[in-house]
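Let's walk through this one together, from its sheets to its cores and aromatic rings. Keep the viewer open as you read.

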Amino acid sequence: MIISDPAENNLLNKVERLLSPATIVGWRRLEPWAVARAQLSGSDGLHGSDGSVIVKWMRPHGPGPDRSESWRLRSEVAALRFLSDDLGVRLAARVVAADLAAGVVVLEDLAPRVALDGLLRADGAVAHGERLAAFARVRGELNAVTAGRAEVYYARRAALGAVDRVADCAGRFAGFREEGLLQVAALGVEVAGGAERELAVVLEELEDPGPFLALSNGDPEANNVLVRAAGAPDARLIDFEFAGFTHALHDAVCLYVPGPAWLSVDWRMGAAYRRALAVGVPEAEDDRRFGFGLAAACFSYMLLRLQRLSLVDGRAAGDDSRVQLVATVEAAARVAESFGVLPGLAGWGWRVAEALRRRWPDADVDVAGLPAFVARRR
């Protein structure tokens, strides 16, 4: 197969060399990512492929931050092989072939599964309750099966290039949290007193998760789980480019606090996650222990989102991102109250939300009254 774009044609040649003697007879870019679906001829199940594969590649780039595209591809390959080869589980795509020096990875095609967020946008959450529960469950299963296996993963990851395992757990959100605190201070609601002391304890929890240390793909949202649109969901996780071992309950936040695409969530999904997690992390059955870790992760995420405050403030009145930010702050405070933990931070969160509602009268709406998983307008 020949494509007119020389760079893309060169990429096809690299993939065919990896998959020889199979040849590519169809090629469809999955924009806007550096990803394509390739139809194969002559594969006959070779390398575990079956008619089509997913190809991911690096875009050309110069010197950049630690998490360059090369770093991300290596992390994805290490995580996926750790799951399939070391642990023998089918929670994500298998690596069919990889040439990391050439910046190309070929993955199992998980079709006919489709992204969950697309189904929710098209049909609403009520139509896909079973798939939402499967999303929560597969995230818990990922955390459960990988808890206590960090040494195995990091041995595999280190063989592919340098990695900072401490930064994976404690450092990936640090800069965002600090900026979030600065943004809130400019709003006039600083962290002080009991809230400040509790925040220090929260950071200690996230930096030293103890039994909750588990693998995350680094982006636990509905766009990164594929399910079957009819019948049993048979969920699989995708996009492990930012994978690493961190506090497992970072992966539960999206079930309690609105993610980037949603204005509301359904906490009942958290029960499916918690049951699955407890299979490998029995401490998840302890309300106090689970609630504290969950609230800590929710406040961390809240600060991550608050670092966008000045950006959201500059948008036109009525923009959904304002309502979403208020909902995020209030949801974090509500989690702490529900589990009877971190009262100082909960009170601070409600004050931040009140300040945002005063600043943005257009965002002074009853978010709690919205149906579950209401999508933001684009």
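Start with a word we'll need a lot: a residue is buried when its relative accessible area is under 20%, exposed when it is over 50%, and partly exposed in between, using a 1.4 Å probe and protein chains only. What you have on screen is a predicted model, where local features need pLDDT of at least 70 and side-chain atom pairs count only at pLDDT 80 or more, while totals for chains, interfaces and linings use all residues. Residues are numbered from 1 along each chain as its sequence is written, and side-chain values use heavy atoms, with hydrogens and water left out.

On to the sheets. Helices (H or I, at least four residues) and strands (E, at least two) are DSSP runs numbered from the N terminus, and two strands pair if DSSP finds at least two bridges between them. With that in hand, look for the open sheet of five strands, ordered S1-S2-S3-S5-S4 with antiparallel pairing. Strand S1 (23-29) and strand S4 (95-99) sit at its edges with a single partner strand each, so one side of each has no neighbour in the sheet. Going from one strand to the next, the twist averages 25 degrees; angles here run from 0 to 180 degrees between N-to-C directions, with axes fitted as lines to C-alpha atoms, for helices over the stretch in contact.

Inside that sheet, S2 (residues 35-41) and S3 (residues 52-57) are joined antiparallel over five bridges, and Ala38 has Val53 in S3 as its bridge partner. Helix H1 (residues 6-19) packs on the sheet, touching S1, S2, S3, S4 and strand S5 (104-108), and its direction makes about 135 degrees with that of S1. Contact, by the way, means heavy atoms within 4.5 Å.

Now the S4 and S5 end. These two strands pair in the antiparallel sense over four bridges, with Val95 opposite Leu107 in S5. Their hairpin has four residues between the strands, and Gly103 takes a positive phi near 75 degrees there. Leu100 is in the loop between S4 and S5, yet it counts as buried at 15% relative accessibility. What does Leu100 touch, not counting residues up to four places away in sequence? Its contacts are Met58, Leu73, Arg74, Val77, Val105 and Leu160.

Is Glu108 buried or exposed? It is buried, because its relative accessible area is 14%. Its side chain makes a polar contact with the side chain of Arg90 at 3.0 Å. That term covers a pair of N or O atoms within 3.5 Å; within protein, one must be able to donate a hydrogen and the other to accept it, and residues adjacent in sequence count only if both atoms are side-chain atoms. Setting aside neighbours within four places in sequence, Glu108 is in contact with residues including Ile54, Ala92 and Val96.

Next, the cores. A nonpolar core is a set of buried Ala, Val, Leu, Ile, Met, Phe, Trp, Tyr and Cys residues joined through side-chain atoms within 4.5 Å. The largest has 110 residues, and those with the most contacts inside it are Leu215, Phe240, Leu306, Trp348 and Leu356. Helix H10 (residues 287-306) gives the most to this core, with 13 residues. A second, separate core of 19 residues includes Ile3, Val53, Ala97 and Val106.

Finally, the rings. Rings of Phe, Tyr and Trp (its six-membered ring) pair if their centres lie within 6.5 Å; planes under 30 degrees apart count as stacked, over 60 as edge-to-face and the rest as tilted. The count comes to nine aromatic pairs by this rule. Phe82 and Phe245 have ring centres 6.1 Å apart and planes at 65 degrees, so they are edge-to-face. This pair links distant parts of the chain, with Phe82 in helix H2 (residues 69-86) and Phe245 in strand S10 (residues 244-247), 163 residues apart. Tyr154 and Phe245 make a tilted pair, because their centres are 5.9 Å apart and their planes are at 50 degrees. Tyr154 comes from helix H5 (residues 150-158), 91 residues from Phe245. Phe245 is buried at a relative accessible area of 2%, and Tyr154 counts as buried at 6%. Together, Phe82, Tyr153, Tyr154 and Phe245 form one aromatic cluster.
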